[in-house]
Amino acid sequence: MKISLTRELAMGHRLYGYQGKCANLHGHNYGFEIIINGNPDQALGLVMDFKELGQIIDRILEPFDHCTLLMDGDPIEDALNTHRSKHQILTRNPSAENIGSLIFNLLMNEGIRVSYVHVKETSASCAYIDRVDRDVRILRGLS
């Protein structure tokens, strides 16, 4: 059985080394759907309490709200540090796929039985992540 919760937050990013518009710093109102699986408990019939799941998701996503995500080595990091702008530096380019992998990893670290992380970057584009990629990590940043 599966249950899900959705959240939305604003984030900036760019794809360092990409040949196209996404090489420019820009932002999205990202939509996240977290889908978990499990068997309902006998007492209440819940896979997991939505309130508890929501609190965990909110805690994981809060550092990314109104934050800029960059890949390690991106020279824009210097400007963000100079201006004390909220940012996170990742081991990989902050594509929808890699952002989803990062969120998947963070949820798994909390003991959540994640089936999918659905990352909606625009009304027409999204990524479904259904496996752990431990190589996508936060290296450093400014909250």
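Two strands count as paired if DSSP finds at least two bridges between them. Strands (E, at least two residues) and helices (H or I, at least four residues) are DSSP runs, numbered from the N terminus.

Welcome to the tour. This is a predicted model, in which local features need pLDDT of at least 70, side-chain atom pairs count only at pLDDT 80 or more, and totals for chains, interfaces and linings use all residues. Residues are numbered from 1 along each chain as its sequence is written, and side-chain values use heavy atoms, with hydrogens and water left out.

**The sheet.** Start by selecting the seven strands: they form an open sheet, ordered S6-S5-S2-S1-S3-S4-S7, with mixed pairing. Now colour S6 (126-129) and S7 (138-142): these strands stand at the edges with a single partner strand each, so one side of each has no neighbour in the sheet. On average, neighbouring strands here are turned by 30 degrees against each other, direction ignored; axes are lines fitted to C-alpha atoms (for helices over the stretch in contact), and angles run from 0 to 180 degrees between N-to-C directions.

Next, select residues 2-13 (S1) and 26-37 (S2), which pair in the antiparallel sense over twelve bridges. Which residue in S2 is the bridge partner of Ser-4? Click on Ile-35 to find it.

**The loop.** Move to Asn-24, in the loop between S1 and S2. Beyond its neighbours within four places in sequence, Asn-24 is in contact (heavy atoms within 4.5 Å) with His-13 and Arg-14.

**A helix.** Finish with residues 50-61, helix H1, which lies across S1 and S2 and runs at about 20 degrees to S1.
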